[in-house]
Amino acid sequence: MSSARALAEALWFPVTLFLGFLFCFAPALHAPQPHHAAVVVAGRAPEAEVEAALHRHHPGGFDVTSVADARAARRAVLDRSAVAGYVGGHRPVLYVAKANGMSLFQALGKDFAGLTSATSEPLTLRDVAPTTAKDLTGTTLVYFGTAWNIPGYLLATTLLRAVTFNRRRKLMTIVGVAGVFAVVGDLVGVDLGYLPNDPAALAMAFLLTTAVATFCTGMAPFTKQFFPGVGMGLFIVLSTPTSGVAPVAMLPTFFQHVHAVMPLGNAVDALRGVLYFHGAGVRRPVLVLCAWIAAGIALMGLDAWRHRSTGARHRGRGKQYKEAEPPVDDPSLETPIPTAMPAHHHFGEPLPTLVGTVRDSARQPLRHAAVTVMDGRGRQLVRTATNAQGTYAVAGLPEGHLTIVASSHSRKPQVQWRLLEPGAVLRADFTLGDITPDAPSPMPCQNGGPPRNWTARR
């Protein structure tokens, strides 16, 4: 049973990703074709006849409505209420937008060309929203969106190791990094000619990175060791195929619904609106991005409330406490692991969460004194020893109540019971007196006495 459980714990993450890629990428991106694409018709093109003709080629592919004239058909495409506007007659015209994707542009031209009669002129395609000269396929926004999306998830995972950062500092870091990513990405895109120069794009890029990073930071304490699977499932497996690599109107209906709620897809929609459609259709995706940010902040607030409630219950019980959750040791989750480290911090090393000095009764530093850290359940988290200056340091300790014991040969051990709060660096100094031959060796306590159930636990 233990071997089966170990195997399941080792394989769940790659199996989840395998199934996610298998059932999301191939069904969404293989042979895309229109699914309920909204089109409008005007002129000598009866709505019912056009819909019936299109239905013969693509059943369920188009939703057709009629408009008054050619100007209204063109306006519907520019307003993004339709992907195409068809004007029938002797000189048939199809208004389309390359900014919606070259594959949709070509598919619409092919499908509507079959509607022309033998007596009419060939169908004329008029692009009402052309992309930049270097964006030949109309998908460049997806690539830039991906550059602002996936690093947002990675930023949240690395911030989990910033154990000295409280929630406010993490939010400030997310905002700062998202701003830098937005500015640099937009400058590169404009300079290389991939993106039009519009400052509104900065806001969309900023919202995308902020939304992903904030939500991931908020959900991490609740998903625990499943955080990588949930995060990558949401922001890579589900987001990438629904982002606009294949135009949304050519995705199966399920993936169109997924696109409507994913941050990456909505950010790409918003970028298309501000860069190519004069701001049309931007409000809804911006609201979706803001909703992801609000949800992330709400989760962070809920986690803070949960910690405060647990602490209040512990205080109400005096010093008889019990740690609610052990630290997560799954290495696939980027959470800190309790680790002894040199007292002098170097760049690239984890920041310590516990530091201190151990001295003898003459206030001289004790070398090789043992320092043991345990959690509220009495489980040993880490054990280290002091250096020549009597100092020690530990990184990666979980928030909550800790028991810290210092001991040295022929000296009275000392114990401290301390509370490590989010974003704090705890300091625990000890003074170890000599053990007299004719006296028992008690374990004196600093910073308060032991819990009332200490004897029972020992």
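How many aromatic pairs does a search of the whole structure find? In this predicted model, the search finds 12 aromatic pairs. One of them joins F62 and F112. Their ring centres lie 6.1 Å apart, with 75 degrees between the planes. The pair is edge-to-face. It links distant parts of the chain. F62 belongs to strand β2 (residues 62–66), whereas F112 belongs to helix α4 (residues 102–113). The two residues are 50 residues apart. Both F62 and F112 are buried.

A further pair is formed by F215 and W292. Here the ring centres are 4.8 Å apart and the planes stand at 80 degrees, so this pair is edge-to-face. It too links distant parts of the chain. F215 sits in helix α7 (residues 200–223) and W292 in helix α11 (residues 283–316), 77 residues apart. F215 is buried, and W292 is buried as well.

Other aromatic residues were also examined. W12, F13 and F226 form one aromatic cluster. The face of F222 has R306 lying over it, at 4.8 Å from the ring centre.

Helix packing was considered next. The axes of helix α5 (residues 140–159) and helix α7 come within 8 Å. They cross at roughly 25 degrees. Angles under 35 degrees count as roughly parallel, so α5 is roughly parallel to α7. The crossing of these helices, α5 and α7, is right-handed. On the α5 side, the meeting residues are G145, W148, N149, G152, Y153, L155 and A156. On the α7 side, they are A205, L208, T209, V212, A213, C216 and T217.

Methods. Residues are numbered from 1 along each chain as its sequence is written. This is a predicted model: local features need pLDDT of at least 70, side-chain atom pairs count only at pLDDT 80 or more; totals for chains, interfaces and linings use all residues. Side-chain values use heavy atoms; hydrogens and water are left out. Rings of Phe, Tyr and Trp (its six-membered ring) pair if their centres lie within 6.5 Å; planes under 30 degrees apart count as stacked, over 60 as edge-to-face and the rest as tilted. Helices (H or I, at least four residues) and strands (E, at least two) are DSSP runs, numbered from the N terminus. Buried means under 20% relative accessible area, exposed over 50%, partly exposed in between (1.4 Å probe, protein chains only). A charge sits over a ring if NZ of Lys or CZ of Arg is within 6 Å of the ring centre and within 35 degrees of the ring normal. Axes are lines fitted to C-alpha atoms, for helices over the stretch in contact, and angles run from 0 to 180 degrees between N-to-C directions. Angles under 35 degrees count as roughly parallel, over 145 as roughly antiparallel, 65 to 115 as roughly perpendicular and the rest as oblique. A crossing is left-handed if the near helix is turned anticlockwise from the far one by less than a right angle, and right-handed if clockwise. Contact means heavy atoms within 4.5 Å.
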